[in-house]
Amino acid sequence: MNPFAYSRATDPTQAVTAISGKPHSKFLGGGTNLIDLMKMGVETPNELVDINRLSLAQIEELPDKRVRIGALARNSDVAEHELIKTRYPMLSQALLSGASPQLRNMATVGGNLLQRTRCYYFYDPAFPACNKRKPGSGCGALDGYNRIHAILGQSEQCIATHPSDMCVALAALDAIVRVVGPNGEREIGFRDFHRLPGNTPDRDANLASDELIIAVDLPAMPFAARSHYLKVRDRASYAFALVSVAAALDLDANKNIKDARVALGGVAHKPWRANAAEKKLIGQEANEKTFQSAAEAELAAAKGYKYNSYKIELAKRSIARTLNIVAEMTS
Ligand code: SF4
């Protein structure tokens with residue numbers, strides 16, 4: 001690991017000032033991804049600004065019924081919070097499906113948003129071709145072992161997937177990310193927070209290096225109480241998603257779909273909001289045929305590679321299965 005300077009921030013403004021104009025400095029939260037990457041030599045910051053003592057860990061309901069989650073709230077605390085379990089069960093389930101209990105006790109909401117891909121080639125600096133780690137060097141996964149890679153929204157520059165479970169639920173919920181930087185606070189809609197790879201796969205998010213995530217706001221969305229997160233993976237725990245689905249349905253008394261939210265994980269460079277599926281669902285009766293038609297629509301543009309084409313059928317079946325589970329829920 002490279003030597004680095006360490007300091008401890010006392011408030012968000014001071015944290016931003018400490019890092020401003022220093023592109024090789026980074027904030028340190030739970031450290032569950034960043035420290036691994038530093039040990040591997042993938043991340044080489046020359047300074048860490050520890051933000052763990054900032055008071056940004058609250059989970060609270062706002063007067064307009066939105067729920068605000070502080071950026072330093074630990075994944076375990078968010079998952080077990082009564083507001084999250086009852087109003088946004090898919091978010092609680094997504095968090096509990098990620099990592100291990102020990103890691104969830106350390107990992108923060110802000111850090112989870114900024115997790116980096118687990119592409120094997122990205123994680124191994126001895127491997128020369130990775131545009132995300134070293135722009136312009138090529139993509140080892142394109143013609144390599146790409147079993148865990150993207151089938152939607154990828155580019156010739158990068159076919160990596162976003163690793164977070166939490167972010168899939170946040171995408172379905174249209175969460176708002178609140179950040180502070182040298183010019184003050186701003187809000188970023190969840191759709192605009194993460195990026196597709198395009199020609200700049202080294203950039204995962206639309207966040208400047210001197211901006212600090214301070215909170216995530218969840219909209220008051222009563223029908224999110226009828227929601228579910230399904231994660232398909234190689235083993236039952238401590239594994240990243242091959243495909244995951246977060247879904248919520250707003251049904252009338254006749255089981256017709258008034259509104260729908262669907263997002264996918266494990267299939268794209270960012271948490272994938274399933275707009276085509278939602279369009280197919282709204283106004284239709286909640287039944288198997290509708291769900292399969294929505295799944296087909298969402299995956300129509302999918303493209304597989306040598307080892308990951310199985311994900312296309314897996315994603316279709318996962319969407320239909322998750323929607324079936326949600327439709328059978330009593331609330
Ligand atoms: Fe690097 Fe992306 Fe290619 Fe993986 S898929 S080797 S992260 S450029």
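Visitor: Which residues line the second largest pocket?

Guide: Rolling a probe the size of a water molecule over the atoms shows where empty space is left. On a 1 Å grid over the protein atoms alone, a pocket is an open set of points with protein on both sides within 12 Å along at least five of seven lines, while a cavity is a set where a 1.4 Å probe fits but cannot get out; lining residues have an atom within 4 Å of a point. Here, the second largest pocket has Ala171, Phe190, Arg191, His194, Leu196, Lys270, Pro271, Trp272, Arg273 and Asn275 around it. Two elements, α10 (190–193) and β12 (272–273), each give two or more residues to that lining. Helices (H or I, at least four residues) and strands (E, at least two) are DSSP runs, numbered from the N terminus.

Visitor: Before we go on, what sort of model is this?

Guide: This is a predicted model, in which local features need pLDDT of at least 70 and side-chain atom pairs count only at pLDDT 80 or more, while totals for chains, interfaces and linings use all residues. Residues are numbered from 1 along each chain as its sequence is written, and side-chain values use heavy atoms, with hydrogens and water left out.

Visitor: How much space lies in the second largest pocket, and what classes of residue line it?

Guide: The second largest pocket holds about 150 Å³, where a volume is the space filled by probe spheres set on grid points joined across faces, edges and corners. Its lining has five nonpolar, two polar and three charged residues. For these classes, Ala, Val, Leu, Ile, Met, Phe, Trp, Tyr, Cys and Pro are nonpolar, Asp, Glu, Lys and Arg are charged, and the others, Gly among them, are polar.

Visitor: Where is the ligand?

Guide: The ligand takes up the space of the largest cavity; a molecule sits in a cavity if more than half of its atoms lie within 2 Å of its grid points. The shell around the ligand has 15 residues, with Cys119, Cys130, Cys139, Cys158 and Ile159 the closest; a residue is near a molecule if one of its heavy atoms lies within 4 Å of it. This shell has 10 nonpolar residues, four polar and one charged.

Visitor: What lines the second largest cavity?

Guide: Its lining is Gln115, Arg116, Thr117, Lys132, Ala160, Thr161, His162, Pro163, Asp204 and His269. Of these, two are nonpolar, five polar and three charged. The second largest cavity has about 50 Å³ of space.

Visitor: How do I read a helix such as α1: which of its residues are buried?

Guide: Buried means under 20% relative accessible area, exposed over 50%, and partly exposed in between (1.4 Å probe, protein chains only). In α1 (residues 12–19), the buried ones are Ala15, Val16, Ala18 and Ile19. These four lie on the same side of α1 because they cover an arc of only 160° around the axis, taken from the directions from the helix axis to the C-beta atoms. Thr13 and Thr17, on the other side of α1, are exposed.

Visitor: And how many residues of α5 are buried?

Guide: Six of the eight, so α5 is mostly covered. The buried residues in α5 are Pro89, Met90, Leu91, Ser92, Ala94 and Leu95.

Visitor: Let's look at backbone angles. What is the phi of Lys65?

Guide: Lys65 has a positive phi of about 80°, although it is not a glycine. Lys65 sits in the loop between β4 (59–61) and β5 (67–70), and is partly exposed at a relative accessible area of 47%. Ala99, also not a glycine, has a positive phi near 55°. Ala99 is in the loop between α5 (89–96) and α6 (101–106), and its relative accessibility of 34% makes it partly exposed.
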